[in-house]
Amino acid sequence: MDQLVVGGIFAGAFLGGISRWALAHIPAPRVGTWAANMIACSVLGFVYGQGILVVVAVGTGFAGALSTWSTLAKELGQLIKDKEYSEALRYALATALLGLVAAGFGMRWGARAFGV
């Protein structure tokens, strides 16, 4: 079981990392970071309450590699450094609040998909 869990995390992280790389090439500022984090929140919600292998492969592996909270922090820091306070606040709130909404929708879709 341990090898299966590690393999699942590795496979999920590989796919999540590739997805993150692709989103990083969106030319609009902060769009790729925001999209990656919203998708990761949805995916985490979707697999919530499923078996351990699904949770670690898809949740920990894929969503963990896809999400980019450190880039969010860097972008927020740059906005603050540039004294764009309202944009920083809007970006932070949009990420936090809509991330919760995305996780909620993911949980709802997951419950329907898995028959919970």
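1. A quick definition to start: a residue is called buried when its relative accessible area is under 20%, exposed when that figure is over 50%, and partly exposed in between. F114 comes out at 38% relative accessibility, so F114 counts as partly exposed. Keep in mind that we are looking at a predicted model here.

2. Now the overall picture. The protein chain has five helices and zero strands, so reading from the N terminus you simply get α-α-α-α-α. The C-alpha trace spans about 50 × 25 × 20 Å along its principal axes. Of the 116 residues, 34% count as buried. Among contacts with a separation of 6 or more, 72% are between residues 24 or more positions apart.

3. Back to F114, which has a ring partner. The count of aromatic pairs is two. In one of them, the ring centres of F46 and F114 are 5.3 Å apart and the planes sit at 55°; stacked would need under 30 degrees and edge-to-face over 60, so this pair is tilted.

4. Is S42 buried or exposed? With 18% relative accessibility, S42 counts as buried. Leaving aside residues up to four places away in sequence, S42 touches A102, A103 and G106.

5. Another ring worth a click is Y91. R30 lies over the face of Y91, 5.7 Å from the ring centre.

6. Next, the packing of α1 (residues 2–24) against α3 (residues 52–66). Their axes come within 6 Å and cross at roughly 30°. Angles under 35 degrees count as roughly parallel, so that is the label for α1 and α3. The crossing is right-handed. On the α1 side, the residues that meet α3 include L4, G8, G12, G16 and L23; on the α3 side, those that meet α1 include L53, A57, G61 and A65.

7. Which residues of α3 are buried? They are V56, A57, G59, G61, F62, A63 and L66. The cover over these buried residues includes α1 and α2.

Technical notes
Residues are numbered from 1 along each chain as its sequence is written. This is a predicted model: local features need pLDDT of at least 70, side-chain atom pairs count only at pLDDT 80 or more; totals for chains, interfaces and linings use all residues. Side-chain values use heavy atoms; hydrogens and water are left out. Rings of Phe, Tyr and Trp (its six-membered ring) pair if their centres lie within 6.5 Å; planes under 30 degrees apart count as stacked, over 60 as edge-to-face and the rest as tilted. Buried means under 20% relative accessible area, exposed over 50%, partly exposed in between (1.4 Å probe, protein chains only). A charge sits over a ring if NZ of Lys or CZ of Arg is within 6 Å of the ring centre and within 35 degrees of the ring normal. Axes are lines fitted to C-alpha atoms, for helices over the stretch in contact, and angles run from 0 to 180 degrees between N-to-C directions. Helices (H or I, at least four residues) and strands (E, at least two) are DSSP runs, numbered from the N terminus. Angles under 35 degrees count as roughly parallel, over 145 as roughly antiparallel, 65 to 115 as roughly perpendicular and the rest as oblique. A crossing is left-handed if the near helix is turned anticlockwise from the far one by less than a right angle, and right-handed if clockwise. Contact means heavy atoms within 4.5 Å.
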